[in-house]
Amino acid sequence: FMKVCQMQKFEKTLRFGSEIKLTLGGDCIVTFVKSNDDNDFVRVKYPLNSTPITMDVSEESVVITNHDKVSVNDSDFKNFKDSIVNKKGVANAITNFLSDALSFKNKIETNKVEIFVEISLRDVEMKKSIYLNAENLKINFHHVSLNEVLINAGNLTVNQGSLTSNSLKIKSGNLKADLFFNEDNRRINVKSANAKICLNKRPEFNGLVTASGNNIKIDSSLRSGSKDVGELNAKLNNGSIKLNE
């Protein structure tokens with residue numbers, strides 16, 4: 001039988017200011033959507049029997065905190081430490097490190113709590129700016145128009161979708177991104193240590209794509225273009241930019 005997980009729910013109706021700062025702890029799946037009325041909404045769902053999660057939502061900010069984040073303690077990597085202390089050799093130390101690392105990864109997955117966040121934004125003449133800091137984040141945009149979007153996350157999966165923005169800036173350690181470079185998104189800046197970017201760009205849009213860093217693979221057809229039309233600038237280490245026309 002399929003196990004059904006009961007969810008704790010939180011919702012707040014408000015009107016955000018022109019700038020919204022989001023600080024998200026834990027593993028968050030965030031979706032921005034267009035509001036159906038004259039208010040903004042924040043809706044949060046997470047497993048009922050999970051670790052304590054608190055929320056502080058105002059017109060200027062959304063703060064979500066997971067109070068039982070898994071971290072390394074003295075019992076983790078015990079075999080590796082014993083190898084070093086008892087001088088069992090490099091090969092034994094490496095084997096035990098890999099074994100302990102796998103156990104720690106399983107520990108994280110077992111204690112993983114996914115927090116689902118939906119932000120509904122009303123249409124306003126002055127476009128809002130979003131500044132988002134997170135640990136582990138998956139983010140989607142559905143029919144929203146924003147001024148500046150700044151995303152900073154350790155591990156990030158982003159689907160730009162139907163976002164319209166004056167500026168999109170992404171900074172992440174590990175990044176998987178589906179981006180749209182077009183008339184509605186002319187300014188995109190990406191900085192990542194390890195990135196896979198799927199870039200949606202029609203041939204008639206002649207924006208410039210520039211990339212720098214180490215170990216980068218980029219479709220050669222992306223390098224030509226005009227900065228006056230638009231610019232996507234990527235600073236990557238161990239990264240790829242694949243064109244999807």
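How much accessible surface does the protein chain have, and what share of it belongs to carbon and sulfur atoms? It comes to about 14000 Å², and 48% of that belongs to carbon and sulfur. Areas here are from the Shrake-Rupley method with a 1.4 Å probe, and for residues only the protein chains shown count as cover.

Quick housekeeping, then. What you're looking at is a predicted model, where local features need pLDDT of at least 70 and side-chain atom pairs count only at pLDDT 80 or more, while totals for chains, interfaces and linings use all residues. Residues are numbered from 1 along each chain as its sequence is written, and side-chain values use heavy atoms, with hydrogens and water left out.

Okay, the overall layout. The protein chain has two helices and 12 strands. These are DSSP runs numbered from the N terminus: helices are H or I with at least four residues, strands are E with at least two. Reading from the N terminus, the order goes β-β-β-β-β-α-α-β-β-β-β-β-β-β.

How much of the chain is buried? Of its 245 residues, 38% are. Buried means under 20% relative accessible area, exposed means over 50%, and partly exposed is in between, with a 1.4 Å probe and protein chains only.

Now contacts, meaning heavy atoms within 4.5 Å. Taking contacts with a separation of 6 or more, 51% are between residues 24 or more positions apart.

On to the inside. The largest nonpolar core has 54 residues, and those with the most contacts inside it are F32, L137, I139, F141 and L179. Strand β8 gives the largest share of this core, seven residues. By nonpolar core I mean a set of buried Ala, Val, Leu, Ile, Met, Phe, Trp, Tyr and Cys residues joined through side-chain atoms within 4.5 Å. Have a look at I139: setting aside neighbours within four places in sequence, its contacts include V30, F32, L132 and I151.

Next, charges. Side chains of opposite charge can pair when their charged atoms come close. For a salt bridge, we want a side-chain nitrogen of Lys or Arg within 4 Å of a carboxyl oxygen of Asp or Glu. That rule gives eight salt bridges.

Take R43 and E118, with their closest N and O atoms 2.9 Å apart. This pair links distant parts of the chain, 75 residues apart, with R43 in strand β3 and E118 in strand β6. R43 is partly exposed at 28% relative accessible area, and E118 is partly exposed at 29%. Who else is in that network? E11 is linked with R43 and E118 through salt bridges.

Another salt bridge joins E183 and R202, 3.0 Å between the closest N and O atoms. Here E183 is in the loop between β9 and β10, and R202 is in the loop between β10 and β11, 19 residues apart. E183 is partly exposed at 37%, and R202 is partly exposed at 42%.

Last stop: S35, in the loop between β2 and β3. Is S35 buried or exposed? It counts as buried, because its relative accessibility is 8%. Its side chain reaches the backbone oxygen of N39 at 2.6 Å, and a polar atom of that side chain lies 3.3 Å from the backbone nitrogen of D37. Beyond neighbours within four places in sequence, S35 is in contact with F41, S120, L121 and R122.

Note on methods. Polar contact = N/O pair within 3.5 Å; in protein donor to acceptor, adjacent residues only side chain to side chain.
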